[in-house]
Amino acid sequence: MNKNSYSNSYKEAGVDVTAGYRSVELMKQYVARTKTAGVLSGIGGFGGLFKPDFSGMQEPVLVSGTDGVGTKLKVAFLMDKHDTVGVDCVAMCVNDVLCCGAQPLFFLDYIATGRNYPEKTATIVSGIAEGCVQAESALVGGETAEHPGLMPDEEYDLAGFSVGIVDRAKMIDGSKVKAGDVIVGLQSSGVHSNGFSLVRRVLGVDETSVQRYVPELGMTLGEALLTPTKIYVKSMKQLMHTVEVKAVSHVTGGGFYENVPRMLQPGMTANIRLSAIEELPIFSLIQQTGKISDRDMYNTFNMGIGMCCVVSPEDADTAVQTLCAAGEKASVIGEIAAGEDGVVLC
C-alpha cells in the first residue's frame, strides 16, 4: 500500500485515494487465483502484460468482447450481495468471444462507484476472479473509479472486456452451415444478465420482494435473480476439440430473435422447436405475472437456452454427449433450413 499518497482536500470532495489503495491490497488474493502461464505482470501497474502462446497456430487472430452487468446490479444492491455479479460480467464477455471459436486469454474490469468501500470492492472482484477461473482466463488488471455526485454512495457500475485467440483457419463464422444441420442448445442458469429492466418492473423488485421465498423457484426471488450467468468456455472448448462446430450463438439481450440469426449467413434459417426447450421456472413466473406474449419473451430472454451451436447431423449425438459429459445440460433443439426468416420458433 502506498503510505505517502493521500489528499485531504480530495477526500473532502468525495474521493478517498487511500481507499483505492486498500481495495487493491484486498483484491490481490482473488486476482492471484486467475494467474495463467501467459501473465507477465501483477496488478497495480499502468498496463497488464500477457504473452500469448502461438505454438500450433499458423495465423493467430485476437478476438475481443466487452459488456457490463446492466440493471441486474439493482438486485445486488437490494440484497447487499456483491460476490456474484462479477461472474456475470466475465460471462457476458467470454461467452461472446467463444462464438468466434476463440479461447479467452485475459480479462480487465472497470468498477465505477459512488463511494469506494474497499471491502465491497474486493468482494466484487472476488466474483470477477471466480468468473475468470471458470473461463480459464487471467485477470490482468482493471480500474476502480470513485464518482461522488454521479451516483449514490452505495451503488456502482461494472463492466469489463475479454481478449481471446483463435487460429484463423479454425474461426467459426457460420460459412459452413448448410440446410439439414442441427442446432444444439446448452441450458442457461436462469435469466443470466439481460432483460432486468423488464424483470424488475414485472415482478415489482424491491427490498421486500427480493427476500420473499418463491416455492416454484425453491429459493427467494433475489437469490434466483442473482444466479450467475453460465460460463460455457470449458464445455465449448471440449466440444470444439471433438466435432466440427459450424456456428455458435450466445443468447443474450434480444433473445432468440436477435441472437440466433447472428450466427447464420444470408439464405439460412434456424427452425427452433419450442417443445425441445425446457423452460425454466423463473421465465414462467415472469411471463405469467406480467402477462407477456411468447413473442416478447423469446425476443427478450434466453428462455432456458444460454448458448446454441450448429453441427452436422452425423455429429449431433456426439456433440450432445460431449457437452453433457462436460457438465452441461444439452439437447438438439432445432434444424437449419434454406430461407430468409433468420429464425422460426415452431
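User: Which element gives the largest share of the lining of the largest pocket?

Analyst: That is α8, with four residues; helices are DSSP runs of H or I with at least four residues, strands are runs of E with at least two, and both are numbered from the N terminus. Please keep in mind that this is a predicted model, where local features need pLDDT of at least 70, side-chain atom pairs count only at pLDDT 80 or more, and totals for chains, interfaces and linings use all residues. Residues are numbered from 1 along each chain as its sequence is written, and side-chain values use heavy atoms, leaving out hydrogens and water.

User: What lines the largest pocket, and which residues lie nearest its centre?

Analyst: Its lining has 35 residues, and Met57, Gly101, Gln103, Ile165 and His241 lie nearest the centre. The elements giving two or more residues to that lining are β2 (103-113), β4 (156-167) and α8 (233-242). A pocket is an open set of points on a 1 Å grid over the protein atoms alone, reached by a 1.4 Å probe, with protein on both sides within 12 Å along at least five of seven lines; a lining residue has an atom within 4 Å of a point.

User: How much space lies in the largest pocket, and what is its lining by class?

Analyst: The space is about 870 Å³, taken as what probe spheres set on the points fill. The lining has 16 nonpolar, nine polar and 10 charged residues, with Gly counted as polar and Asp, Glu, Lys and Arg as charged.

User: How many disulfides are there, and how do you know where Cys89 stands?

Analyst: The count is zero. A disulfide needs two cysteine sulfur atoms within 2.5 Å, whereas the sulfur nearest to that of Cys89, in Cys93, is 5.3 Å away. For Cys100, the closest cysteine sulfur is in Cys99 at 6.9 Å, so that pair is too far for a bond.

User: Buried or exposed: what is Cys89 called, and why?

Analyst: Buried means under 20% relative accessible area, exposed over 50%, and partly exposed in between, using a 1.4 Å probe and protein chains only. Cys89 has 0%, so it counts as buried. Cys100, at 28%, is therefore partly exposed.

User: What makes Arg33 and Glu130 a salt bridge?

Analyst: The rule asks for a side-chain nitrogen of Lys or Arg within 4 Å of a carboxyl oxygen of Asp or Glu. In Arg33 and Glu130 the closest N and O atoms are 3.1 Å apart. Arg33 sits in the loop between α2 (17-32) and β1 (60-68) and Glu130 in helix α5 (residues 118-134), so distant parts of the chain, 97 residues apart, are linked. Arg33 is partly exposed at 44%, as is Glu130 at 27%. By this rule there are 13 salt bridges.

User: Which side chain does Asp181 meet in a salt bridge?

Analyst: Asp181 meets Lys246, at 3.1 Å from N to O. Because Asp181 is in the loop between β4 and β5 (182-187) and Lys246 in the loop between α8 and β8 (247-250), the pair ties together parts 65 residues apart in sequence. Asp181 and Lys246 are both buried.

User: Where does UniProt place the PurM-like N-terminal domain?

Analyst: The unreviewed UniProt entry puts it at residues 61-166; such annotations may be inferred rather than shown by experiment. Over that stretch the chain is 37% helix and 37% strand, with end C-alpha atoms 5 Å apart.
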